[in-house]
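Hi,

Here is the structure I promised to pass on.

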Amino acid sequence: MADREFEALLDYLKHSRGCDLTGYKHSTLMRRFAHRMQEIKIDSYRNYLHYLQSHPEECITLLDTVLINVTAFFRDRDAWDYLAKEIIPQIIASKELQEPIRVWSAACASGQEVYSLIILFAEALGIESCLQRVKFYATDVDDAALGQARQALYQPREVTEIPPDWLEKYFEQTEQGYIFHPRLRRTIVFGCHNLVSDAPISKIDLLTCRNALIYFNADTQKTILARLHFALKNNGFLFLGKAETLISQRPIFTPVNLKDRIYAKGLKLGVDEHLQITPRTHKKQAFDFLASHVRIWETAFETSPFAQLAVDSNSCLIMANEQANALFGLTLNDVGRPLRTLKPGQILSLCKSIQQVNGDHCPVTLKNVEWRMPNCTTYFDIFITPVFSSDAHLISMNLTFTDITENKHLEKKLEHTNLELARVSNTLEETQATLDTTHAELESTQQELETVYEEMQFIDTNASQLKKRFDKN
Ligand SMILES: C[S@@+](CC[C@H](N)C(=O)[O-])C[C@H]1O[C@@H](n2cnc3c(N)ncnc32)[C@H](O)[C@@H]1O
């Protein structure tokens, strides 16, 4: 009953007063409402609804109670020290010398957070450079808090966390309190901004959104985080409150320092995350974008020159492309059937390898797999690739069959030609050896002939001389 009355109250605020509190955690809201109701001595949500209807100004007071503006300079000091030591120098180092830097304090309440940021940048860059290069944005949904932030006037009890030398350097002590450095204050653009429904500021290098997310329910936190993701530059940083965690299982930010809640923008996002960070108003474009991507993948799968098929985690056929249908004679009737009952599943060792992929979730390559058919033999290289869902569950396996029969034949031909070549080369060597021997024999015969010739010449000469002598006598 109380719940229903509470919902009616929220409904009235949303539709009749333009004040949408439905994204806030109900438990927190109920506590804040109870607090206010106690102050004005109202004991039921129903009566409070009547009170709101008859006292229009009550809505402002209620909002004041709901929007908890508690804040402080350098709130959670350790985290700010880390920011000063590690993050701000990184941001500055990533920039060209005069390149502007953009900083956004979202849900800044009465401004202490944005002034803390200015001090750190002024310390890192020097006041003049900070004035020239850094643009600060400070936003909140609470106009009254923003008014205080713009004034930049703080009481002594509020500045106790500021180191004395900074207090002296960046504040002027007046009778009313401490006033922040007026020139530096002018680097800030203040604005009323609702984290849930307003478009984010863009191209931000450092975004602080501290101690605001905790007040929202899980769905609304996701919406806000999607907007903050959009706001950041690719190398930008997000600084959350100490008690805040990224609730999504696959967060769109990656931790830089978990303890201090400093995150970098996540860039390697899956389809789920892309859908999550795409603003709701753009869902249609997101689906069109997705649909066209799916179409591109489908076409790539269908027109692949290789036979490809996919099985589910139970090894049943989910899809096969044209090449696979033609090669293995698959038809639509085979979809849903266990792979082992189909031709590709009967190829030696395939099913065993699928079990292996199922077990250790790693891709497997099978080389030279022989597929004997009655009148021919085909050889394949088979690649089995596991497919995972965005939450890392094995949902499918992709099988690609590369027909290497032609290569295999060429290999065999090459082997044969090499053997033939070796044989010819042997014969050639033998012939050469015979030739060499014949050549040597010929040479020695020639030498012998030359000797015989010389001897004959000698004999001939001697014979002439003898004949001459004989003739003389
Ligand atoms: C607890 S304060 C945090 C202030 C400061 N960020 C800090 O951490 O010290 C929470 C602030 O969130 C603001 N807030 C609540 N709902 C908001 C919304 N929907 N959009 C923007 N700011 C909101 C409140 O007005 C309040 O100023």
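This is a predicted model: local features need pLDDT of at least 70, side-chain atom pairs count only at pLDDT 80 or more; totals for chains, interfaces and linings use all residues.

Three strands make an open, antiparallel sheet, ordered β3-β5-β4. The edges are taken by β3 (153-154) and β4 (171-173); each has a single partner strand, so one side of each has no neighbour in the sheet. Between β3 and β5 (residues 178-180) there are 2 bridges, and leucine 153 has isoleucine 179 in β5 as its bridge partner. Helix α6 (residues 112-125) packs on this sheet and touches β3, β4 and β5, with its direction at about 65° to that of β5.

Next, the helix pair. α3 (residues 45-54) packs against α4 (residues 58-66) at about 125°, the axes being 8 Å apart. On the α3 side the contact involves Tyr48, Tyr51 and Leu52, which meet Glu58, Cys59 and Leu62 of α4. Sorted by class, that comes to 5 nonpolar residues, 1 charged and no polar.

Last, β15 (residues 394-403). Of its 10 residues, 7 are buried, so the strand is largely enclosed by the rest of the structure. It pairs antiparallel with β11 (residues 307-312) over 6 bridges, where leucine 309 is partnered with leucine 399 of β15. β14 (residues 377-388) also pairs antiparallel with β15, over 9 bridges, and here phenylalanine 383 sits opposite threonine 400 in β15.

Cheers

Terms used:
Residues are numbered from 1 along each chain as its sequence is written. Side-chain values use heavy atoms; hydrogens and water are left out. Two strands pair if DSSP finds at least two bridges between them. Helices (H or I, at least four residues) and strands (E, at least two) are DSSP runs, numbered from the N terminus. Contact means heavy atoms within 4.5 Å. Axes are lines fitted to C-alpha atoms, for helices over the stretch in contact, and angles run from 0 to 180 degrees between N-to-C directions. Ala, Val, Leu, Ile, Met, Phe, Trp, Tyr, Cys and Pro count as nonpolar, Asp, Glu, Lys and Arg as charged, and the others, Gly among them, as polar. Buried means under 20% relative accessible area, exposed over 50%, partly exposed in between (1.4 Å probe, protein chains only).
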